[in-house]
Amino acid sequence: MGCRQGQLAGRMGRGMSRAFLAGVVLSGSLTCGSVWAADVASDRPTPPVIPAHVQGKDGVKTYLLTVIENIIKASHDLKAAGQAYEKLLADHENDALKAAKAKPEEAARLIKQMRNAYERIDSYGFEYIEGIVAGVPSLAKYDVELDSGLPKSMAGPDDEVAAVVINAGDLKLDRDGSLNNFLIEPTVFGTNDKFTLGKAELPGFEGAVGLPHAKLVIALADYAIDGYNRLQKDAKAWTPSDKDCFEVIYAMTPTLADYFEEWKESKIAGSAEGGRFVAVSRISDMRGIMSSVRLTWQSVEPQVKARDAALAASITQGYAQVMEFIDTIDARDKTRPLTAEAIDALGSQAKERADKITVQTAQAAALLNIELSAQ
């Protein structure tokens with residue numbers, strides 16, 4: 001879920017995370033394959049496994065491609081659920097309310113499948129590679145299109161608009177925001193009335209559920225399949241350089257603070273504007289993006305350490321502290337939900353931590369004679 005406006009307008013996207021609460025960190029280097037651990041108890045998607053250590057820049061690319069592959073699989077699953085849901089509606093005169101009343105268990109099951117697929121696409125998919133995608137100049141356009149670009153109706157002169165056009169039967173969306181969090185999320189979670197066909201009580205849900213526009217789900221899934229395949233093609237062609245890695249670290253670390261305002265908004269209103277950020281807590285997204293930024297730092301850390309061991313150690317410690325900070329506020333919020341005032345204060349602390357790492361990153365890049373783009 002994107003956070004490109006403001007501070008990074010005209011550049012790359014957002015920032016933050018690492019390993020996570022349920023012990024999904026692995027030791028050693030990354031191997032290709034499925035990166036999602038099964039949550040047997042809840043049958044819910046879980047974050048991808050982040051290697052404890054990455055073996056150079058090629059390890060960053062391997063991780064990126066592994067997660068993209070799984071996102072593509074999830075996009076196909078979203079389409080399959082959408083097609084089954086469309087058939088359910090067709091069997092009931094293409095009336096979502098009639099279908100939900102006649103087959104509430106089936107409607108509930110299919111909506112849960114759509115939401116599951118979305119979380120694998122974004123919450124536990126793109127969020128965990130966004131630091132890389134948005135930070136690498138040759139890939140950054142995909143962050144705007146797929147995750148962080150604003151709708152034309154919300155964008156200011158310095159903001160980046162997602163040039164996404166969707167045709168779904170009688171519904172046409174033209175630059176209504178990025179694919180993941182402005183379009184897919186509010187559709188399958190029923191949080192934007194424009195993308196739903198009424199509300200109904202369904203088993204396993206609290207309160208009335210917004211019934212997704214069936215043709216829109218399928219059209220969004222088709223767009224996701226195409227978009228992530230294009231990202232995959234360009235990611236395979238990408239040869240990571242030291243400069244690329246430092247650009248990721250330098251551009252994406254400061255964006256950590258941007259998440260706190262959106263987190264506060266979603267807490268106050270139940271969702272951010274457009275029905276966003278309801279699938280998971282914005283804290284999860286912080287953890288996701290910084291995972292990939294921290295991983296990228298690990299790929300260049302040995303070179304910096306050879307020039308200035310103290311500086312390298314300080315940056316490494318800085319990321320460890322940031323990750324601990326995220327886990328701590330997550331635990332606090334789950335125990336007793338944090339207030340808007342507390343979130344503002346935490347956002348200020350996050351900015352201080354991220355800014356320190358960013359300054360040190362510039363110093364580390366200078367040691368290797370790497371010139372970074374201006375923020």
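Just after helix α6, Gly190 adopts a positive phi of about 65°. Helices (H or I, at least four residues) and strands (E, at least two) are DSSP runs, numbered from the N terminus. The model is predicted: local features need pLDDT of at least 70, side-chain atom pairs count only at pLDDT 80 or more, and totals for chains, interfaces and linings use all residues. Residues are numbered from 1 along each chain as its sequence is written, and side-chain values use heavy atoms, with hydrogens and water left out.

Helix α6 itself is largely enclosed by the rest of the structure, because 10 of its 10 residues are buried. Buried means under 20% relative accessible area, exposed over 50%, and partly exposed in between (1.4 Å probe, protein chains only). The buried residues of α6 include Asn180, Asn181, Glu185 and Thr187, along with Leu179, Phe182 and Leu183.

Aromatic contacts were examined next. A pair of aromatic rings is described by the distance of the centres and the angle of the planes. Rings of Phe, Tyr and Trp (its six-membered ring) pair if their centres lie within 6.5 Å; planes under 30 degrees apart count as stacked, over 60 as edge-to-face and the rest as tilted. Four aromatic pairs are found in a search of the whole structure. For Tyr118 and Phe189, the ring centres are 6.2 Å apart and the planes stand at 80°, so the pair is edge-to-face. Tyr118 belongs to helix α3 (residues 104-123) and Phe189 to the loop between α6 (179-188) and β3 (196-201), so this pair ties together parts that are 71 residues apart in sequence. Tyr118 counts as buried at 0% relative accessibility, and Phe189 counts as buried at 13%.

The rings of Phe260 and Phe325 have centres 6.5 Å apart and planes at 40°, so that pair is tilted. Phe260 is in helix α9 (residues 258-269) and Phe325 in helix α11 (residues 309-335); the pair thus links distant parts of the chain, 65 residues apart. Both Phe260 and Phe325 are buried. Together with Trp263, Phe260 and Phe325 form one aromatic cluster.

Charged groups were also found over ring faces. A charge sits over a ring if NZ of Lys or CZ of Arg is within 6 Å of the ring centre and within 35 degrees of the ring normal. The charged end of Arg282 sits over the ring of Phe277, 3.9 Å from its centre. Lys112 lies over the face of Phe205, at 5.4 Å from the ring centre.

Side chains of opposite charge can pair when their charged atoms come close. With a salt bridge taken as a side-chain nitrogen of Lys or Arg within 4 Å of a carboxyl oxygen of Asp or Glu, the search of the whole structure finds 21 salt bridges. One of them joins Arg282 to Asp285 at 2.9 Å, N to O. Asp285 and Arg282 are three residues apart in helix α10 (residues 282-307) and are therefore separated by about one helical turn. Asp285 is buried, with a relative accessible area of 0%, and Arg282 counts as buried at 1% relative accessibility. Elsewhere, salt bridges that share partners join Arg287, Asp327, Asp330 and Lys334 into one network.

Lys243 and Glu247 form a salt bridge at 3.1 Å, N to O. Being four residues apart in helix α8 (residues 242-252), Lys243 and Glu247 are separated by about one helical turn. Lys243 counts as partly exposed, at 37% relative accessibility, whereas Glu247 is buried, with a relative accessible area of 1%.

The side chains of Arg44 and Glu119 also meet in a salt bridge (2.7 Å, N to O). Arg44 lies in the segment before α1 (56-90) and Glu119 in helix α3, so the pair ties together parts that are 75 residues apart in sequence. Arg44 is partly exposed at 38% relative accessibility, and Glu119 is buried at 4%.

Arg44 and Glu119 are among the residues nearest the centre of the second largest pocket, as are Lys112, Arg115 and Phe205; the pocket is lined by 13 residues. On a 1 Å grid over the protein atoms alone, a pocket is an open set of points where a 1.4 Å probe fits, with protein on both sides within 12 Å along at least five of seven lines; lining residues have an atom within 4 Å of a point. About 400 Å³ of space lies in this second largest pocket, where grid points are joined across faces, edges and corners and a volume is the space filled by probe spheres set on the points. Helix α3 gives the most to the lining, with four residues.
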